[in-house]
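Colleague: I would like to learn how to read a few features of a protein model. Could we take them one at a time?

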Amino acid sequence: MEFKIEKREKFNIVGVSKRVPIQFEGENQAIMELAQSITEKQRKQMRELADLEPHHVLNVSYDFDEDYLEEKGYLTHMIGFATTKDNPYDDLEQITIEESLWAIFPNEGPFPQTLQETHAKIYGEWLQTADYEPTDLPGFSFTKHNGNQDKVYSEIWMPVKKKQR
């Protein structure tokens, strides 16, 4: 499985969020509704703050209910951008990510199936043999739609730490 490890200094993600049901396959309607609820003003504000790689709209998942690996319960989903700046806007939220290591998993194929299959392989295969384990920080992904639904590029960014041996 292709991946790279990257260290990141402390940064913020600024955007709009809501609690959504956990769903492993297909498009999550609650996330689609969240995306559609973002105003033009909020989009402009997020883009003004965005100053970090990856320079794409991020889908951030955190605050999972206990049985999330069994596809039960809810999580908080944020749509936003990475930034070094603090959020000055009342209609946007901010989460701060402390300095951390990231396992980055590029993938390309039909959307959203390939992205979801990559998530499943990370948990079902990669974590079983990797020298890393997830940390309790929000992970995120981004997707670059290029007009061809069969060759959509995405990256999954998982916060990790070295396993204690």
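Modeller: Two strands pair if DSSP finds at least two bridges between them. Keep in mind that this is a predicted model. Five bridges join strand 3 to strand 4, and the two run antiparallel. In that pairing, Ser61 stands opposite His77 of strand 4.

Colleague: How many bridges join strand 2 to strand 4?

Modeller: There are 10, and strand 2 and strand 4 run antiparallel. Asn12 stands opposite Thr83 in strand 4.

Colleague: Is strand 4 largely enclosed or largely open?

Modeller: A residue counts as buried when its relative accessible area is under 20%. Nine of the 10 residues of strand 4 are buried, so the strand is largely enclosed by the rest of the structure.

Colleague: Which residues of helix 1 are buried?

Modeller: In helix 1, residues 29–37, they are Ala30, Ile31 and Leu34. Seen down the helix axis, these buried residues fall within an arc of 100 degrees, so they line one face of helix 1. What covers them includes strand 2 (11–21), strand 3 (58–62) and strand 4 (74–83).

Colleague: What caps the N-terminal end of helix 1?

Modeller: Asn28 does, with a side-chain oxygen 3.0 Å from the backbone nitrogen of Ala30.

Colleague: What should I look for in the backbone angles?

Modeller: Start from the general rule: most residues other than glycine have a negative phi, and most peptide bonds are trans. Asp63 is not a glycine, yet it has a positive phi of about 55 degrees. Asp63 lies in the loop between strand 3 and strand 4.

Colleague: Where are the cis peptide bonds?

Modeller: One runs from Glu53 to Pro54, with omega near -10 degrees. Pro54 is in the loop between helix 2 (40–49) and strand 3. Another joins Phe111 and Pro112, with omega about 5 degrees. Pro112 is in the loop between strand 6 (100–109) and helix 3 (113–129).

Colleague: How many aromatic pairs does the structure hold?

Modeller: It holds nine. One of them, Phe3 with Phe105, is tilted: 6.0 Å centre to centre, with 35 degrees between the planes. Phe3 lies in the segment before strand 1 (4–8) and Phe105 in strand 6, so the pair ties together parts that are 102 residues apart in sequence. Phe3 is partly exposed, with a relative accessible area of 36%, whereas Phe105 is buried, at 0%.

Colleague: Which residues form one aromatic cluster with Phe3 and Phe105?

Modeller: Trp126 and Tyr132 form one aromatic cluster with Phe3 and Phe105.

Methods
Residues numbered from 1 in each chain as written. Predicted model: local features only at pLDDT ≥ 70, side-chain atom pairs only at ≥ 80, totals over all residues. Heavy atoms only, no water. Buried < 20%, exposed > 50% of the residue type's maximum accessible area, 1.4 Å probe, protein only. Helix = DSSP H or I, 4+ residues; strand = E, 2+ residues; numbered from the N terminus. Arc of directions from axis to C-beta. Contact = heavy atoms within 4.5 Å. Polar contact = N/O pair within 3.5 Å; in protein donor to acceptor, adjacent residues only side chain to side chain. Phe/Tyr/Trp six-rings, centres within 6.5 Å; stacked < 30°, edge-to-face > 60°.
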